[in-house]
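Thanks for coming, everyone. I'll take you through one structure, a few spots at a time. Have a look at the model first.

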Amino acid sequence: MTRAFYSFAACAVAALFASVGVADAAMADPATGIDFSPSLGLGDSNLKLFGVGVRKKGPIKVYSVGMYSSTEEEEEGAESAPASDDKDAVMSAIQSKAKSGPTSFLLKMNFKVGAEKIASSLAESVAPRHSSAGEVEDLKKKIFDGVSATSKGAATKGTEFQFDCTEEGISVTVDGKSQGTIPSAGLGKAFCDVYLDDNGVSPALKDSCVENFCSE
């Protein structure tokens, strides 16, 4: 898709969120009961919670994830938002908005996973969506290093990961400690697709985002 389309879709989503006012409350993942605050600060931006969902592996509820993004209108014409009853169009617009950044994904562990396993799992989800194996490996290392440095050396219940996707790249934070930034906007977009494309790893997150749009 073109940059112009991403820009238009970002504005459309911002206008729709502004008009229905659905991003002003905390949410809990119904599958795990894990809470997410209504907003998240990222630099000069105040990102709003778009939706929450669970990441499952078989019957295991591994973690809950919340997606935060901007609801500010970026250019004229933003009033041309998709109809809130067209769920496919709404989901497409949400995905495009997320990839235009800034967007953050906040992961909160519900099940204990080792450092190598969680780092590999996240990296393996990104790999088929991004052409640079080196950048994916860098992402994996930052996740692994961050988890290894925690007091238990594993991603235990309550461990938090924050992935900030912007035009500058993707920044990784584990339990509040920055692991650095990979300067690749393409990697950030690929990370967004892990959760928002047709094969997204958390269908519940996508459903939550769409329901928040369509509920008003």
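Start at the hairpin of β4 and β5. Two strands, with 2 residues between them. Look at Gly58 there: its phi is positive, near 65°. Keep in mind that this is a predicted model.

Now the strands themselves. β4 covers residues 45-57, and it pairs with β5 in the antiparallel sense. How many bridges hold that pairing on screen? There are 9 bridges between β4 and β5. To find your place, pick Val52: its bridge partner in β5 is Gly66.

Stay on β5, residues 60-69. Is this strand mostly covered or mostly open? Mostly covered: 8 of its 10 residues are buried. β5 also has β6 as a partner, residues 103-109. These two run antiparallel as well, joined by 7 bridges. Here the pair to click on is Tyr68, which stands opposite Ser104 in β6.

Step back from β6 into the loop that comes between α2 and β6. Pro102 is in that loop. What kind of peptide bond joins Gly101 and Pro102? A cis bond, with omega about -10°. Most peptide bonds are trans.

Next stop, a loop residue with two stories. Thr150 sits between α4, residues 133-148, and β8, residues 154-155. Is Thr150 buried or exposed? Buried, because its relative accessible area is 17%, and the cut-off for buried is under 20%. A polar atom of the Thr150 side chain lies 2.6 Å from the backbone oxygen of Val147. What does Thr150 touch, beyond its neighbours within four places in sequence? Val174 and Asp175.

That brings us to Asp175. This residue is in the loop between β10, residues 169-174, and β11, residues 177-182. Its phi is near 50°, positive, and Asp175 is not a glycine. Most residues other than glycine have a negative phi. Asp175 is partly exposed, since its relative accessible area is 38%.

Last, helix α6, residues 203-214. Why do we say its length agrees with a helix? At 1.5 Å a residue, its 12 residues should span 16 Å, and the end C-alpha atoms are 16 Å apart, so the two agree. Which residues of α6 are buried? Leu205, Lys206, Ser208, Cys209, Val210, Asn212 and Phe213. Note that Lys206 is on that buried list.

That's my tour. Questions, please.

Key:
Residues numbered from 1 in each chain as written. Predicted model: local features only at pLDDT ≥ 70, side-chain atom pairs only at ≥ 80, totals over all residues. Heavy atoms only, no water. Helix = DSSP H or I, 4+ residues; strand = E, 2+ residues; numbered from the N terminus. Expected span 1.5 Å × (residues − 1). Buried < 20%, exposed > 50% of the residue type's maximum accessible area, 1.4 Å probe, protein only. Pairing = 2+ DSSP bridges. Polar contact = N/O pair within 3.5 Å; in protein donor to acceptor, adjacent residues only side chain to side chain. Contact = heavy atoms within 4.5 Å.
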